[in-house]
Amino acid sequence: MNTVAIEQRNKIHPHKFTLWVGIGSILMMFAGLTSAYIVKRNQANWVTFELPIAFWYSTAAIVLSSVTLYLASKAFRERAMNNYRKLMAVTLALGVLFLLLQVIGFKQLWSNGLTLTANVSFSFLYIIVGLHGAHVIGGVIALIVMSLKAFSTKTRNYSIVPVDLISTYWHFVDILWIYLLIFLLMIR
Amino acid sequence: MSSAVSLHHSDAHVGHDAHHEHHHHETFISKYVFSQDHKMIARQFLITGIIWAIIGGLFSVLFRLQLGYPDQTFPWLEDILGHWAKGGKIQPEFYYALVTMHGTVLVFFVLTAGLSGTFANFLIPLQIGARDMASPMLNMLSYWFFFLASVIMISSLFVQTGPASGGWTIYPPLSALGDASMGSKIGMDLWLVSMAMFIVSSLLGGLNYITTILNMRTKGMSMTRMPLTCWALFFTAVLGVLSFPVLLSGAILLLFDRNLGTSFYLSDIVVAGKILPNEGGSAILFQHLFWFLGHPEVYIILLPAMGMSSEILAVNSRKPIFGYMAMVGSMFAITILAFLVWAHHMFVTGLNPFLGSVFVLLTLLIAVPSAIKVFNWLTTLWRGSIRFTPGMMFALGFVSLFISGGLTGIFLGNSSLDIHLHDTYFVIAHFHIVMGVASFFGMFAGIYHWFPKMFGRYLNNTLAYIHFWVTIVGAYLIFWPMHYEGLAGMPRRYYDYSTWVSFRQFGPLNEFISTVAMLVFAVQLLFVFNFFWSIFKGRKVTSQNPWESNTLEWTTPVSPGHGNWPGEIPEVHRWPYDYAKDGRDFIPQTEPIGANESHSH
């Protein structure tokens, strides 16, 4: 019976693999948006913009959250469950902070006259940053679930798979944000 | 052993490895409705797809009624359709809604969800030797998102202003401005919401198909020992996962233009004498985003049909498939090229002619892998001992249609010829034959061939042969004349051709096409009857391997339970096409290589 199960051990876990394919799919969505952005930029009526200062703070927050999540998964592997719980909570807090800073950034843009409909370049900015934010919300929901499980006294789960899954996804949205930030800085 | 299992204890499908012999007490709901068994989900996709096919086919009958008999009235139409057919004549607004929904339903709901949803779910785990999909939960969600999309799309048929009517390609500005037409109002909103659900469904499905194929093959099942169906379904899933998100991006921008006043696609537009404030947008941008999905979508529809036909042709010719690696390679080439040819739908949009010539070259390159495949199908048949089962007939029909429809693609792929042919009936004829009807034939071939595995009974053969002959002759009679209409310049999407002097000559021809279309539709109902009747009353399958086939799905019991194999998953020792080898008719994949077995055929 277990020949198949043993074979499975040498392979990547199917859920992890599914996540990687899903990441490829999400990348294509942003590739579609950024290519549309590049096409539009070369047409008339494009207005350049300055990114709000809040986006720099949010970048710091999400990079820091990646570090704490890395430490959390390390603590989990070493079965240092107290550290794991604390680090998960810090990661969650930083994730929420990132989202708050993005909203503040939107408000700064809006008050500077860079509203959604004023120019197509601003519309793109809102949509690209907003859709990235939507993906971070998904990650935050996963982090909330993981933290609740970590603090729950009823269930004890020592499977590394969920921790690995959220780590991969969270680092992905972090790197995606850095890419988008550089993209929006270089091409505007 | 136990350590291996406990490593995966969070994992449902491996859980079945250990527990599958326990009897599950399944309720009606968990077995037939919210099932996580890939075979049940496949049947759900198939039956939902059949219902959609009837609806989509009926739409075409209704608009063919208008095209074939533009001068006549049918009072009974007003009885069923109300103000959409005032005075017994289909109204222009409704005519456009019909063609739009016909395209949407058949392209997405039948030939994407109904075709790959059914056969990827059914065949992948059975043919690669897996108990279920990588994530049965996501798989179930995939169906229910499709169901939700279906309900929303159906509901759009019943709103007062009617369903979307700007064509299945939903080009702005018609789709972006609620005031532009009747179908641009709530019908368009429902279309977009439904398609968003649909995209989620096909992404969840695609993720699962790819992971299952790469990750869950049984021992000995290397990638190059997979049946060509699995390869085709794999490339289909890759195409879907990479192209649907781009359509989603385009649709999100469209939603913002519709509802929040942005100007991605809109510029300098006057509606009903009122100048809109939108400035700087470009409708062509939408076309780029749409066709970046739209072209791969054609292969999402076609590849599963190719894969199933390859398998069925080899089994029923009692010969190995000719050029297995060339088949895989050409499907790979088609997958790559699918992403590089989208602008051939846009030759007349003012595209830079130099860019156009690049897209001509890449488009015509598709002829190479296509020709390789056709050559391999024909050489597989060559000197085989062919069994003309209904599945085989439809697979042969698929090859015929793929050749006839593919040849006209060479005309359309040339940007200079396309100036004349663009948006004419020539295009309609081309894509209906090569993508629509051909893929339908692949789907029918698959249904006739795997029905015994799906339902443990056979379909009625007499009805099947009637179905085949009327459909293939009918398909050619419907679409062949359309080439001539298109060459004569008859544009698509017109409501009434009899008012143009140049197209009045085609009146009797249009009437003929409409008559045949209705006949062919009636025969499809015969198939639907055969399908549902045979589920309950068909001849029972008594042997495990009725087609004497090599692949793994025929090593399961006649009606496999959840988990597919009652004992261990069989080990695979050879490729799936050892037919007529060493004087033996067929050698299943599970049989070890014999001591004196020859290396090649």
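Which residues of helix 19 of chain B are buried? In this predicted model, they are Asn510(B), Ile513(B), Ser514(B), Val516(B), Ala517(B), Val520(B), Phe527(B), Asn530(B) and Phe531(B). The helix that carries them runs from residue 507 to residue 537 of chain B and has 31 residues. From its first C-alpha to its last, helix 19 of chain B reaches 45 Å, close to the 45 Å expected at 1.5 Å a residue. The cover over its buried residues includes two other helices of chain B, helix 4 (38-68) and helix 17 (461-487).

The next topic is the nonpolar cores. The largest nonpolar core has 192 residues. Those with the most contacts inside this core are Leu233(B), Phe234(B), Phe398(B), Ala438(B) and Phe441(B). Helix 6 of chain B, residues 92-128, gives the most to the core, with 23 residues. When neighbours within four places in sequence are left aside, Ala438(B) is in contact with Leu302(B), Ala305(B), Phe398(B), Leu401(B), Phe402(B), Gly405(B) and Ile433(B).

Chain A has six helices and zero strands, and its pattern along the sequence reads α-α-α-α-α-α. The C-alpha trace of chain A spans about 65 × 35 × 20 Å along its principal axes. Of the 188 residues in chain A, 32% are buried. Among contacts in chain A with a separation of 6 or more, 81% are between residues 24 or more positions apart.

One residue of chain A can be followed in detail. Val21(A) sits in helix 2 of chain A, which covers residues 14-41. Why does Val21(A) count as buried? Val21(A) is buried because 21 other C-beta atoms lie within 10 Å, and the cut-off for a buried residue is 20 or more. Which residues does Val21(A) contact, leaving aside its neighbours within four places in sequence? The partners are Leu207(B), Ile210(B), Thr211(B) and Val241(B). Within chain A, Val21(A) can also be placed relative to His171(A): the two are 150 residues apart in sequence and 15 Å apart in space, C-alpha to C-alpha.

Terms used
Residues numbered from 1 in each chain as written. Chains lettered and ligands numbered in written order. Predicted model: local features only at pLDDT ≥ 70, side-chain atom pairs only at ≥ 80, totals over all residues. Core = buried A, V, L, I, M, F, W, Y, C linked by C-beta atoms within 7 Å. Buried ≥ 20, exposed ≤ 12 C-beta atoms within 10 Å, placed from the backbone. Helix = DSSP H or I, 4+ residues; strand = E, 2+ residues; numbered from the N terminus. Contact = placed C-beta atoms within 7 Å. Expected span 1.5 Å × (residues − 1).
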